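The following exercises concern a single protein model. Please work through each task with the structure at hand before reading the solution.

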Amino acid sequence: MEVISIFDIFKIGVGPSSSHTLGPWRAAQNFSSSLGNLNFDKIEIRLYGSLSKTGKGHAAGKAVQLGLLDYDPETIPTDKIHDILEELKSKRKITIQNNTFSFDAEKHIVFTNKKKPGHPNTIKFKVYLKRKLIKETTYYSVGGGFVTQKGKKQKNNIKKIPFPIQNGSELKNHIEKSSLSISEIIWANETALRPKKEVKEKIELLFSTMKNTILNGVTIGGVLPGGLNVVRRSKVLFESLSKTPVKTWEDLEIAIYSKTWDFNEINQWVSCFAMAVNEENAAMGRIVTAPTNGAAGVIPSVLLYYYFFCKHQFENDIERFFLVAGEIASLFKKGATLSAAMGGCQAEIGVSSAMAAGALTNVMGGTYEQVLMASEIAMEHHLGLTCDPIGGLVQIPCIERNTMGAIKAITASNLALSFDPANSKVDLDTVIKTMWDTAKSMDSRYKETAEGGLAFNISVTLPEC
Ligand code: SF4
């Protein structure tokens, strides 16, 4: 049984993709540090499967270079990324672990367009000395920024946690046998892995990062990079809702609390928050993976929907929201996948919507059965959702799709809070299994390859952009 902390699910990083940017970045960092004192004079990186097909649009090559240069996605100043990469390009030399040698990303990072057995997102690093191969390592970017290394066993913390959870029914059993609530069970597991103070601080940092991402999104206009010429819309939407210009988060709070909003306006706020995050994501801005980067707008927009527009019932509601959302994502990772290359967009937007639905239901005072029911409903109505990003960029349909995931989460939560889960015919574990069955039978064109759906029908216009 795998132990997944909520901080494995929620990770501060850089857009646009968790599996195609964050994963290769972490793999490159790991490979670089594994080289130690080794002498070498050449490096070659090969990307396979979905990583090669949509890797360019998802900035996988840039991420690899930044990882090799030992920048961390959590702390790199995102406004410096362009300059760092330009400098590397113009120097045509790289220094890795005290070895300096010629490097040309166009030549040494190879998008193979081939499949490799193991995982559709495979990346291989090789180093040479005097043309002789001296070390090679293969990594799999398995979704949500998680990376595994071929032939290496993962650490398992199972003995440390009081409530091991593999699926929804085990979570239910723990709640029924103990006198604890759903968020207390998850809290007990998290605080068995790290001190309470650290858990609280990390959650606060996640929330403040999400707020900053939204603030950036609603204040930066213009066109997104990548060649599709997609116009950023969250700023326009923000300005149509709030007539007051904002510079800080406090300004934004004042603007929102300045009046009572009707249903339609609240709906627009939710879309505005979701698009703000995913426009930042598409522009290689700082975001929180939740559970992936392409779907990173759903959780913050539903959380802010609660924060600004719902009655607050608990002192520690933000904490509870993150705990429940993170645990639900881990149920999907254990029972199905968080990787669009394995399961299409149901694994990204579908899972983020299920996370948000359950978390919202929890802070709205729902029972644990209603929490699980809300997650089940949200996923039920994302089953079969394909991944077909136009031009391999995380822009269309991704940015708008986050607004849909958020609204479905809110609807799912409202449905669950209105009915008795005892009458529900489908449980969360069944919908997770169904998602995985659907993933396995989904045509590979719809699994983050940009070879099917909208990507297929619109791709011909791209060279003109
Ligand atoms: S279509 Fe969905 S899964 Fe595919 S890149 Fe966009 S958000 Fe991610």
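**Exercise 1: Exposure and helices**

Val-236 is exposed, at a relative accessible area of 53%; the classes are buried (under 20% relative accessible area), exposed (over 50%) and partly exposed (in between), computed with a 1.4 Å probe on protein chains only. The model is predicted: local features need pLDDT of at least 70 and side-chain atom pairs pLDDT 80 or more, while totals for chains, interfaces and linings use all residues. Residues are numbered from 1 along each chain as its sequence is written, and side-chain values use heavy atoms, with hydrogens and water left out.

Task: State in which helix Val-236 is found, and determine which residues of helix 4 are buried.

Solution.
1. Val-236 belongs to helix 10 (residues 234–241); helices (H or I, at least four residues) and strands (E, at least two) are DSSP runs, numbered from the N terminus.
2. The C-alpha atom of Val-236 is separated by 7.7 Å from that of Gly-221, 15 residues apart along the chain.
3. Helix 4 spans residues 60–68, and eight of its nine residues are buried.
4. The buried residues are Ala-60, Gly-61, Ala-63, Val-64, Gln-65, Leu-66, Gly-67 and Leu-68.
5. After helix 4 comes Asp-70, with a positive phi near 70°.

**Exercise 2: Aromatic pairs**

Task: Classify the pair formed by Phe-10 and Phe-322, then the pair formed by Phe-238 and Trp-269.

Solution.
1. Rings of Phe, Tyr and Trp (its six-membered ring) pair if their centres lie within 6.5 Å; planes under 30 degrees apart are stacked, over 60 edge-to-face, and the rest tilted. The structure holds 15 such pairs.
2. For Phe-10 and Phe-322, the ring centres are 5.2 Å apart and the planes stand at 80°, so this pair is edge-to-face.
3. Phe-10 lies in the loop between helix 1 (6–9) and strand 1 (11–14), and Phe-322 in helix 14 (residues 317–335), so the contact ties together parts 312 residues apart in sequence.
4. Phe-10 is buried at 2% relative accessibility, and Phe-322 is buried at 0%.
5. For Phe-238 and Trp-269, a centre distance of 5.5 Å and a plane angle of 75° make the pair edge-to-face.
6. Phe-238 is in helix 10 and Trp-269 in helix 12 (residues 263–282), so parts 31 residues apart in sequence are tied together.
7. Phe-238 is buried at 2%, as is Trp-269 at 0%. Both rings are members of one aromatic cluster, which also includes Phe-207, Trp-249 and Tyr-257.

**Exercise 3: Charged pairs and cysteines**

Task: Locate the partners of the salt bridge between Lys-333 and Glu-2, do likewise for Lys-53 and Glu-451, and report how many disulfides the structure holds.

Solution.
1. A salt bridge requires a side-chain nitrogen of Lys or Arg within 4 Å of a carboxyl oxygen of Asp or Glu. The structure holds 18 salt bridges.
2. In the pair of Lys-333 and Glu-2, the closest N and O atoms are 3.4 Å apart. Lys-333 lies in helix 14 and Glu-2 in the segment before helix 1, so parts 331 residues apart in sequence are tied together.
3. Lys-333 is buried at 16%, whereas Glu-2 is partly exposed at 35%.
4. Lys-53 and Glu-451 meet at 3.2 Å, N to O. Lys-53 is in helix 3 (residues 50–53) and Glu-451 in the loop between helix 19 (428–441) and helix 20 (453–458), 398 residues apart.
5. With a disulfide defined as a pair of cysteine sulfur atoms within 2.5 Å, the structure holds zero disulfides. The cysteine sulfur nearest to Cys-310 is that of Cys-272, 17 Å away.
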